[in-house]
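Here are some notes for a colleague who is opening this structure for the first time. Please read them with the structure in view.

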Amino acid sequence: MKKYLVDDVAYYVNAKGDGPILLFAHGFPFDGRLFEPVIDKLATRFHCVVPDLRGFGKTALGSNGHNSLGAPRVKMGRFADDLAILGSEIACERGNKGARFYVCGLSMGGYILLELLRRRPHMIAGGIFCDSNAAADSEEKAAGRNYLADTIDSFGVHTLADNMIPSLVSPKTAKDKTEVVALLSDMITSQSPEGVAAGARGMAVRRNLVDLLPQIEVPILVIGGDSDKLSPVESLDAIAAAIPQGSRATIPDSGHVPPLENPDAFADAILDWFAKIPQ
Ligand code: MLT
């Protein structure tokens with residue numbers, strides 16, 4: 001993995017391929033390994049850049065990750081700023097200073113993609129919005145996340161995997177793909193409790209960006225698993241319909257993490273979309 005200094009932390013990044021930059025933003029509470037099975041195929045068309053986000057995987061939380069009471073918290077805007085810095089740095093390094101880049105964000109990564117489109121639309125050439133949503137949390141959901149964060153602070157991440165995995169994967173994955181379930185479990189239990197708590201607190205205070213959707217001026221592929229319980233098909237249909245240049249793909253035999261559950265279909269959907277949009 002390569003390291004890039006992004007503001008106050010060293011971001012750990014895997015990169016591969018040639019072409020326009022495609023930055024990946026993983027979901028919660030995962031790391032860049034979420035996208036590993038799709039990178040070889042996508043690297044035939046893109047320069048794929050897969051970071052561990054601040055506080056996850058090998059990337060430290062840094063000093064920008066606390067709320068006013070000192071509890072760890074990273075807002076979606078902070079992650080978005082980090083990706084903007086990383087994307088600019090890599091564009092410079094590749095001799096394309098100022099080049100716009102593509103972003104593929106899954107679930108929490110989708111919240112980050114929307115924050116980037118809100119804050120820095122001029123930097124984004126297009127996006128892939130996976131298994132996510134545009135609305136803010138209800139008060140009840142936000143309170144649940146804060147409770148989860150406090151629990152993780154006290155007891156660590158070990159119970160998280162058992163609680164989360166049944167709602168993350170499709171019935172087919174649960175039955176036939178034990179290696180995917182094992183990887184999810186390993187990713188979750190290997191995270192730093194402080195980083196996971198910080199991400200949970202950040203998601204709890206994210207903006208409602210439903211009104212941003214009709215204002216997005218670049219092509220966006222809205223993609224999700226056919227049996228994702230957390231981001232159901234109808235809700236992703238509505239998001240794609242609200243974006244002027246929105247397209248839609250549904251990945252078969254997949255729940256909330258299609259890059260692991262059905263990597264070929266996921267990568268093909270992105271390549272098909274990319275072949276059709278104006279470059
Ligand atoms: C994710 O996969 O990032 C989470 O499901 C996001 C969330 O908890 O809202």
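1. Two strands count as paired if DSSP finds at least two bridges between them. In this predicted model, β7 (residues 220-225) and β8 pair in the parallel sense, with six bridges. Within that pair, isoleucine 223 is placed opposite alanine 249 of β8.

2. The sheet is open and has eight strands, in the order β1-β2-β4-β3-β5-β6-β7-β8, and its pairing is mixed. At the edges are β1 (2-6) and β8 (246-251); each has a single partner strand, so one side of each has no neighbour in the sheet. From one strand to the next, the twist averages 25°.

3. Helix α2 (residues 76-93) lies across β1, β2 (9-16), β3 (21-25), β4 (47-51) and β5 (101-106), and runs at about 155° to β3. Helix α3 (residues 108-119) lies across β3, β5 and β6 (124-130), at about 145° to β5.

4. Which residues of helix α5 (residues 160-168) are buried? They are Leu160, Ala161, Ile165 and Leu168. These residues span an arc of only 100° around the axis, and therefore sit on the same side of α5. Asp162, Asn163, Pro166 and Ser167, on the other side of α5, are exposed. The buried residues of α5 pack against α7 (178-189).

5. Around the ligand are Gly27, Phe28, Ser107, Met108, Met203, Leu230 and His256. This shell consists of four nonpolar and three polar residues, with no charged ones.

Definitions and conventions. Residues are numbered from 1 along each chain as its sequence is written. This is a predicted model: local features need pLDDT of at least 70, side-chain atom pairs count only at pLDDT 80 or more; totals for chains, interfaces and linings use all residues. A residue is near a molecule or strand if its C-beta atom, placed from the backbone, lies within 6 Å of it. Ala, Val, Leu, Ile, Met, Phe, Trp, Tyr, Cys and Pro count as nonpolar, Asp, Glu, Lys and Arg as charged, and the others, Gly among them, as polar. A residue is buried if 20 or more other C-beta atoms lie within 10 Å of its own, exposed if 12 or fewer, and partly exposed in between; C-beta atoms are placed from the backbone. Helices (H or I, at least four residues) and strands (E, at least two) are DSSP runs, numbered from the N terminus. The arc is that of the directions from the helix axis to the C-beta atoms. Two residues are in contact if their C-beta atoms, placed from the backbone, lie within 7 Å. Axes are lines fitted to C-alpha atoms, for helices over the stretch in contact, and angles run from 0 to 180 degrees between N-to-C directions.
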